[in-house]
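Trainee: Could you take me through one part of this structure slowly? I'd like a close look at the open sheet and the loops, and I'm new to this.

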Amino acid sequence: MSSATLNRIDVEYEQPDEAASGAVCSTKHAWARVPPEPSQAERAALKDRIRRLLKEKNAVMVSHYYVHPDLQDLAEETGGLVSDSLEMARFGRDHVAQTLVVSGVRFMGETAKILSPEKTVLMPDLDATCSLDLGCPIDEFSAFCDQHPDRTVVVYANTSAAVKARADWLVTSSCALDIVSALKAAGQKILWAPDRHLGAYIQRETGADMVFWNGACIVHDEFKALELELLKKQHPQAKVLVHPESPADVVALADAVGSTSAILKAAREMDATEFIVATDNGMMHKLRTLNPGKTFYEAPTAGNSATCKSCAHCPWMAMNGLADVARVLETGANAVHVNPALIPRARQPIDRMLAFTAALKNGQSTGALVPHLGAA
Ligand code: 13P
Ligand code: SF4
């Protein structure tokens, strides 16, 4: 039996039954496989091999905050990046390396490939997916868009290339508020997909006119407000940091709400030494190493005597391991392919997001970057 067939687990996620209303979901099943944890000696040998191969192959590592700490540290140590999904996309596009090794989930590798079709994009495991991507199939999503031709289509980065090719704008959780605010100011009504919690949060904050696809992240959907309140009582000084893919009653308990990078910033800058964190527990590595004097608690994912489904760690992010990074660098296996016919159209909403966020960062006006896109 190969290591690829070991540790295979069943993962439940939701998919809207009726794209028309987006209101009814059925439970579907997907799977994930988690690579075995290498021994200390194996880890050291694998890291040496990867360092050598990155140089030989003119390659750079781009890792998300939710993947194994080894893949985060090695990316940084070798001149690559560990970041949120927005900065992963920008870094991959702008870096001179001809090969990108993207540790994360499939949409991250696809976004890198769409932005740099001439580069080789490798992933440790091409089957690492996302419940938001799985729960938003292109045919149903297209039918939903067809019912709302007057709305600007805004999709989250956690989607397939085909869904991106149907969108006017791409957003990640670090720029969704700014982009939807600008669209609202330009008088646009919005069709939002696929994360219902993030969409509802953006609507509450901006007051924009939005209709929603009914997807959810299996990790963040599990955080429980009642148990979070109990944990707050045990740690009354702790500030609560919440990713907006979490349910509204959990977001309501937050002292800071934001993307993975916003959570890191809040932990660094807030005047507190204890924090309760409602996001994937892969974040704990960076939170703890960057804030050695502070204490971080994981927000609860299960109620009394209940079991949790994801236990605050994404089963697909967990598919990324050192051995597969070394293997794909050595062999060129697991290259990401995106249908070339989709690339020019899928690139438009990504380019808009990157131009908008770059302008925002540089203090430039974003007005001209928000055209009327009724029929993009
Ligand atoms: P960030 O964009 O906040 O990094 O989150 C993306 C995500 O959900 C990764 O699974
Ligand atoms: Fe998708 Fe959630 Fe996993 Fe992120 S943590 S990849 S949103 S399932």
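Mentor: Let's start with the sheet, then go through some loops and end with the ligands. Keep in mind that this is a predicted model. The chain has an average pLDDT of 93, and 94% of the residues score at least 70. Over residues 1-5, though, the pLDDT is below 50, and this stretch has four contacts in the model beyond near neighbours in sequence.

Now the sheet. It's an open one with four strands in the order E8-E7-E9-E10, and the pairing is parallel. At the edges you'll find strand E8 (169-171) and strand E10 (210-212), each of which pairs on one side only. On average, neighbouring strands of this sheet are turned by 25° against each other, ignoring direction. As a general point, strands of a sheet pair through backbone hydrogen bonds, either parallel or antiparallel. Zoom in on strand E7 (residues 152-156): three bridges join it to E8, and the two run parallel.

The peptide bond joining Ala 193 and Pro 194 is cis, with omega about -10°.

Speaking of phi, have a look at two asparagines. Asn 58 has a phi near 50°, a positive value in a residue other than glycine, and it lies in the loop between helix H1 (40-56) and strand E3 (59-64). Asn 334 also has a positive phi, about 60°, and its loop runs between helix H14 (322-331) and helix H15 (343-361). So how do their surroundings look? Asn 58 counts as exposed because it has 11 C-beta neighbours inside 10 Å, whereas Asn 334 counts as buried because it has 20.

Met 270 gives you the in-between case: it counts as partly exposed because it has 14 C-beta neighbours inside 10 Å. You'll find Met 270 in the loop between helix H12 (260-269) and strand E13 (274-278). Leaving out residues up to four places away in sequence, Met 270 touches Lys 239 and Ala 256.

Finally, the ligands. The shell around ligand 1 has two nonpolar, eight polar and one charged residues, with His 64, Asp 84 and Thr 260 among them. Around ligand 2 there are nine nonpolar, two polar and two charged residues.

Technical notes: Residues numbered from 1 in each chain as written. Chains lettered and ligands numbered in written order. Predicted model: local features only at pLDDT ≥ 70, side-chain atom pairs only at ≥ 80, totals over all residues. Nonpolar A, V, L, I, M, F, W, Y, C, P; charged D, E, K, R; others polar. Near = placed C-beta within 6 Å. pLDDT = per-residue confidence, 0-100. Contact = placed C-beta atoms within 7 Å. Buried ≥ 20, exposed ≤ 12 C-beta atoms within 10 Å, placed from the backbone. Pairing = 2+ DSSP bridges. Axes fitted to C-alpha atoms, helices over the stretch in contact; angles between N-to-C directions.
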